[in-house]
Amino acid sequence: SLLNTIEFVPNTPIESLPFADLSFDAICSQFGFEYSDIAKSLQEIIRLSKPSAKLCLVIHAENGDVEQSSKNRLHRVNALVGKGGVVESIFSIAQLQLKPSGSSKAKIQKLEKRVLDRLKKSLQQYAGVARDDVALSTVNYLGSILSERQQMSPAEFNSIVRDINKELHAYIVRLNTMINSAQSQQDMNRIEKQLCSGGFADIQVEAIDDGNNIVAWQLLASR
């Protein structure tokens, strides 16, 4: 089958591909190219493309629907992990459980009530967001582990809260990377100019939209 003829080269930077000059009849990228050093990656595209090679790039668009959705998701997650957020409060509960004192029980009960109220308000605010939204699923999960807290050891509860915090911060990094990679019309003009100077012609840059708003850029070219 065709799949058996394809060689995958994982963990390879776009800016330095392990292939000889003029190796490819076609090069394509969908939501990958823009995460690289664009100037260097364009040099690689020019180096690797045979005469008459075809190029197709689909690139995140600045102020597009995908970028705006990512910003909205980022705002919701930042509210959870920021100073005074529910994750910080739950972590405080975990710490009080690990090092109990005479007043720990009352402090935990007070914090827990506050957190549960905030989780309830968050669910009301998230009405209408996608079911796979990370902030929404996190709020539901936090409510679940709080209800099961007394069936866990303090160390187990603390470990779960730490893991949630770590995963949310990693998600924030991914969202920021996506937002920062989105390209403006001016950025696309620069890409077109570099490709043109590298021997590409018939360069077409079009906005892909969902009928209302731009989602991405599509660039087609031939050498």
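The model is a predicted one, in which local features need pLDDT of at least 70 and side-chain atom pairs count only at pLDDT 80 or more, while totals for chains, interfaces and linings use all residues. Residues are numbered from 1 along each chain as its sequence is written, and side-chain values use heavy atoms, with hydrogens and water left out.

I noted a volume of about 670 Å³ for the largest pocket. Of its 19 lining residues, Leu-17, Phe-19, Phe-24, Ile-27 and Cys-28 are the closest to its centre. A pocket here is an open set of points on a 1 Å grid over the protein atoms alone, where a 1.4 Å probe fits, with protein on both sides within 12 Å along at least five of seven lines, and lining residues have an atom within 4 Å of a point. A volume is the space filled by probe spheres set on the points, which are joined across faces, edges and corners.

I then turned to the largest nonpolar core, where Leu-80, Leu-142, Ile-145 and Phe-157 touch the most other members among 31 residues. Such a core is a set of buried Ala, Val, Leu, Ile, Met, Phe, Trp, Tyr and Cys residues joined through side-chain atoms within 4.5 Å, buried meaning under 20% relative accessible area (1.4 Å probe, protein chains only). H6 supplies the largest share of this core, 9 residues; helices are DSSP runs (H or I, at least four residues), as are strands (E, at least two), numbered from the N terminus.

Key
Buried < 20%, exposed > 50% of the residue type's maximum accessible area, 1.4 Å probe, protein only.
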